[in-house]
Amino acid sequence: MSNSRFTRRGLLKTSAIAGAGLAAPTIFTAGSAAAHTNEPTGDTVTLGFNVPQSGPYADEGGDQLRAYKLAVEHLNGEGDGGMLNTFTSKALQGNGIMGKKVQYVTGDTQTKSDAARASAKSMIEKDGAVMVTGGSSSGVAVAVQALCQEAGIIFMSGLTHSNDTTGKDRKANGFRHFFNSYMSGAALAPVLANAYGTDRKAYHLTADYNWGYTTEEAVRTSTEAMGWETVETVLTPLTATDFSAYIAPVLQSGADVLVLNHYGGNMVNSLTNAVQFGLRDLEVNGKKFEIVVPLYSELMARGAGENVKGIFGSQNWDWKLENQLGARYTGTNAFVQSFGEKYGFPPSQAAHTGYVQALLYADAVERAGSFNPCAVGEALKDFEFDGMGNGPTLYRGADHQCFKDVVVVKGKEDPENEFDLVEIVEVTPVDQVMYAPDHPQMGGAEATLGSCNAGA
Amino acid sequence: MLGLTKKDFSLLMLVVALTMLAPFILNPFPEGSAMAQFNAGYPDLMQRFVIFGIFAIGFNILFGLTGYLSFGHAAFLGVGSYAAIWMMKLLTTNIIPAMVLAVIIAGLFSLIVGYISLRRSGIYFSILTLAFAQMSFAMAYSVLTPLTGGETGLQLRNTDARILESAPDGGGISRANLFGLEMTSSYELTLGAWEFTFNVGYYIAAIVMLLAFYLSIRIFRSPFGMMLRAIKSNNTRMNYTGLNAKPYTLAAFVISGMYAGLAGGLMVAMDTQVGPERMFWTASGEVVLMTILGGAGTLIGPVLGAGMIKYMENIISKINETILHQWFAFMPDGIEDLMVTMVYPFIGKGWHLTLGLIFMGVVIFLPGGLVEGGQRIARLFGKGKAADAKDTQSTPAE
Amino acid sequence: MDAILLQILNGLDKGSAYALIALGLTLIFGTLGVVNFAHGALFMIGAFCAVTLSRIFSMSYTVIDETQTDFLGNPLKVDVPYIYDIFGQAAGEAIIDWSVPLSILFAIPVMILIGVIMERGLIKHFYKRPHADQILVTFGLAIVLQEIIKYFYGANPIPTPAPAAFAGSFDFGALVGFDPQTIIYPYWRLVYFGFAALIIGAVFAFLQFTTFGMVVRAGMADRETVGLLGINIDKRFTIMFGIAAAVAGLAGVMYTPINSPNYHMGMDFLVLSFVVVVVGGMGSLPGAVLAGFLLGILESFASMAIVLETLPGLNQIIIYLVAIIILLTRPRGLMGRKGVMEE
């Protein structure tokens with residue numbers, strides 16, 4: 001094990017004060033001044049996979065963990081190599097990272113920021129992890145990202161969709177591959193206008209917390225730009241399970257589209273309730289009533305069952321991309337192949353983003369020639385790559401957000417099996433979802449990355 | 001000594017010794033060995049042990065002495081945390097003002113909640129406290145977002161404008177400190193294969209906990225403590241003797257609220273971040289479970305209960321399949337797989353299952369909580385000196 | 001006007017769920033004097049009875065269809081439920097479709113059995129223990145039950161639709177003379193409301209009009225005296241526990257089409273049902289039912305957009321706010337008895 005800890009920075013100061021009293025009996029390890037937190041000195045390197053293993057997102061976390069294990073295999077040269085074969089950067093050799101064998105530790109975020117930070121801290125302080133990745137909510141992502149910034153290691157976020165993660169809460173040591181609320185809105189609006197027309201009245205139900213607010217704002221702004229009118233927006237408590245009291249008034253509002261800015265259990269329940277109330281069988285203003293769910297996930301679609309058929313939403317990635325839309329999305333099939341062979345079912349988008357983040361980190365280390373977070377950050381900054389299943393992608397340096405095509409999907413009318421729940425409607429090209437780093441929805445001019453922290 | 005009886009003093013000394021030597025006691029296994037997984041001697045977990053220890057000690061002053069079961073104590077912890085982080089954002093990153101304000105604000109909030117809730121007793125009191133805590137949680141999560149940061153919470157930023165200090169150079173974020181001594185600094189000691197970490201933050205938190213523990217012994221042994229016990233054993237009789245019990249229970253409620261605020265302030269001091277789910281009812285439930293698990297009404301019990309739950313949460317949840325395979329690697333392949341399959345449901349993502357089984361096991365077999373377990377072991381080994389001290393000092397739960 | 005009527009309907013519906021859970025909880029909590037934190041878990045197990053039965057009906061064997069391929073390009077495996085072979089495809093499909101209502105028959109014996117085992121094996125030993133110990137042991141049990149369900153069914157919600165005949169909704173407004181399409185209400189929610197009313201009525205009738213019920217009520221009021229009369233009250237309490245478990249379980253079964261069940265749904269309802277029981281008043285069954293409906297209706301009103309515009313966030317706290325007001329104005333809740341769990 002490495003002897004260095006992220007606390008090295010304060011060490012000299014401390015030892016000056018406390019050292020005298022503690023009369024060190026043996027080897028004082030600080031002599032081997034490490035360049036940065038948890039610098040791997042042996043022949044292995046430890047990554048921390050911090051995912052929800054209990055609570056409502058446990059299954060999503062489980063899928064992410066499967067993908068991480070697969071990534072570790074591929075990095076260490078086991079298995080069929082997956083996306084390493086299609087990735088445009090060829091720095092990774094399948095011999096670990098910089099020749100060091102990749103090991104990992106796992107933890108349970110419980111989808112609570114305190115628990116997630118405790119788990120990440122134990123990875124950093126006890127296990128000597130040099131990078132932490134994973135998670136299934138923005139609250140957790142923002143909390144752990146801040147922690148990694150403080151500790152001086154890299155955070156590669158998992159499934160986090162709120163603008164804040166790379167908006168007002170962006171950090172120099174944090175990187176996001178997943179897309180965000182703004183992109184969902186920008187990608188969905190033209191597709192919705194196409195399918196439902198530009199003369200629509202929308203009613204928003206929004207989960208009453210940060211992610212809900214940013215998603216509502218993004219979708220509202222971009223649909224209004226297309227000519228839609230927003231009739232009403234109502235906030236619903238996170239802890240709500242029965243949404244009937246919120247759904248029923250929609251009928252009397254004169255709206256003809258319902259936008260559900262909900263995720264996870266909230267989305268499954270609100271969508272189920274909306275369908276029960278027969279909203280989808282209605283005709284309002286001479287048009288068929290429609291429901292939209294801005295952020296989709298395969299697991300939520302499975303939870304909502306029949307109700308999800310024909311409902312529009314957006315995704316970061318889908319396992320059918322390459323088959324249906326061709327070689328631009330190369331890498332998809334390679335990943336689906338090795339994931340499917342190992343686990344017997346296709347991967348979710350949470351699994352995909354985790355896998356890609358792990359590979360991107362390893363690649364950046366190889367290219368930088370160092371595990372130092374500042375060097376890794378420099379290597380990821382404005383890095384352009386392809387072959388990871390999303391088409392040509394840019395890791396923008398100004399806010400550490402990945403820019404790539406956004407997949408617009410809808411619930412499949414006639415699923416062939418339990419994993420084939422969504423069909424790809426269209427892919428919105430990256431140019432349409434681009435925004436300036438100081439966009440008002442992203443925290444404006446005030447948002448800054450700060451400076452990178454290597455901890456030492 | 002220190003105004004304590006000899007027995008209380010030796011219990012205090014035992015706790016002093018345990019907390020001061022915790023980095024050794026909690027890291028019994030050599031680094032890199034298969035058992036190193038069970039080491040708990042890293043700063044974050046040690047800090048959590050003492051912080052939740054303080055929380056549970058405070059809760060025990062209310063529940064253990066008066067018998068009033070509050071189901072909303074996490075609200076005071078959360079309010080204390082928010083107060084502390086705002087102090088650090090606006091005034092200084094020195095932890096002293098933050099902690100002072102945390103205690104004051106939590107005290108005021110508990111005064112209001114206590115004044116209203118204590119108009120009822122029994123389950124009605126519990127539900128009133130629960131209602132206040134749930135309202136605090138719901139509002140912090142949603143409508144109070146400008147003040148609390150909502151779901152993502154509050155953290156220190158390099159753009160914070162502090163009155164008493166200037167931003168650090170080079171865009172870094174200033175850290176929580178005690179007159180320049182940073183909470184995250186550590187001193188490391190390597191003895192052969194063993195490695196021990198001495199963390200500034202931990203020792204500061206530990207000293208605060210020792211003070212809190214000392215204060216709680218004094219309260220338990222004071223006339224005020226006797227009065228509280230009288231309320232628990234027979235409230236009606238107290239009333240007939242012409243004593244108004246309410247000021248006493250309210251005082252106990254506010255004191256335990258301030259303990260919770262102190263714990264909340266320390267949490268921020270050790271880890272400068274606050275999120276609203278710190279106030280959710282499960283967090284209030286957790287401190288209830290900690291206290292009962294350890295032994296309600298005993299001095300040391302709540303601390304043990306807090307340690308037990310936090311240990312499960314942080315250590316057992318991190319054991320994964322790969323580690324299991326390492327443990328059982330010495331066995332023949334078939335048996336190894338069988339062992340892994342049998343143990344697997346109880347570790348990693350199944351850590352809740354183990355926790356639930358421990359709750360049931362403790363309450364079924366050790367009605368007085370973990371403290372009773374300690375007493376039984378002590379009796380088993382005859383009258384060892386330290387054990388004897390522990391035995392006679394803990395007051396039984398009921 | 002129609003908006004208000006709609007929210008009353010919603011409130012009655014939500015209230016009937018609260019009332020059903022609170023009823024079972026009161027049978028245990030307000031009468032046997034046991035704080036049962038595992039009650040939410042019983043509700044959840046009831047819901048999973050429905051999931052289990054529909055899984056049993058859908059148990060299949062696999063046929064390999066060479067004409068189609070799966071996502072990896074291998075020949076597609078097609079699942080054929082055994083039930084098709086037994087009853088023929090049409091009848092088999094109908095049975096799978098009706099699995100939720102059929103689960104009632106399945107859940108009653110299962111839940112009574114679980115309740116009796118729980119009482120005899122665990123709770124019985126805790127009647128005389130402090131409430132704190134009851135909380136710890138039942139909370140532990142709730143976690144264990146949850147984790148067992150999670151181990152077998154995962155953490156994701158499992159869609160369990162109502163029979164196709166009840167799937168839609170109907171225009172309630174047109175029926176009572178409002179404009180069409182202003183009040184539309186799902187069939188299944190009306191079924192749920194009716195079902196809840198039936199169960200509540202049955203429990204009351206059972207306690208009110210049978211000798212057994214009379215003894216139980218006497219036992220609730222004064223357990224010792226009833227024991228002195230030579231009546232074996234313990235045995236009856238065991239049966240009551242079984243009934244309470246069955247009530248919770250049935251509430252869960254019927255709830256599955258409204259919200260897809262998941263392993264932690266019990267915990268979501270637990271705190272709310274405690275609030276309902278206490279607001280209703282300890283030891284009072286009518287109080288629990290009344291409080292359930294009252295809180296359900298108030299929660300629905302607080303969710304209206306017009307209310308939220310004037311008082312943002314009211315929907316977040318309404319239940320707790322009302323609970324505080326009621327408990328401060330009425331010391332023992334709506335209809336509580338003196339001396340029950342006031343210590």
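## The sheet of chain A

Chain A holds an open sheet of five strands, ordered S2-S1-S3-S4-S5, with parallel pairing. Strands here are DSSP runs (E, at least two residues) and helices likewise (H or I, at least four), numbered from the N terminus; two strands pair if DSSP finds at least two bridges between them. At the edges lie strand S2 (101–108) and strand S5 (174–176) of chain A, each pairing on one side only. From one strand to the next, the twist averages 20°.

Before going further, please note that this is a predicted model: local features need pLDDT of at least 70 and side-chain atom pairs count only at pLDDT 80 or more, while totals for chains, interfaces and linings use all residues. Residues are numbered from 1 along each chain as its sequence is written, and chains are lettered from A and ligands numbered from 1 in the order in which they are written.

## Inside the sheet, and a helix on it

Strand S1 (residues 44–51) and strand S3 (residues 131–134) of chain A run parallel and are joined by three bridges. Here A:Gly48 stands opposite A:Val132 in S3(A).

Helix H3 (residues 113–125) of chain A packs on the sheet, where it touches S1, S2 and S3 of chain A. The direction of H3 makes about 150° with that of S2(A); axes are lines fitted to C-alpha atoms, for helices over the stretch in contact, and angles run from 0 to 180 degrees between N-to-C directions.

## Where chain C meets chain A

Contacts (C-beta atoms, placed from the backbone, within 7 Å) link 37 residues of chain C with 36 residues of chain A. On the side of chain C that touches chain A, H1(C) gives the most, with seven residues.

How values were computed
Contact = placed C-beta atoms within 7 Å.
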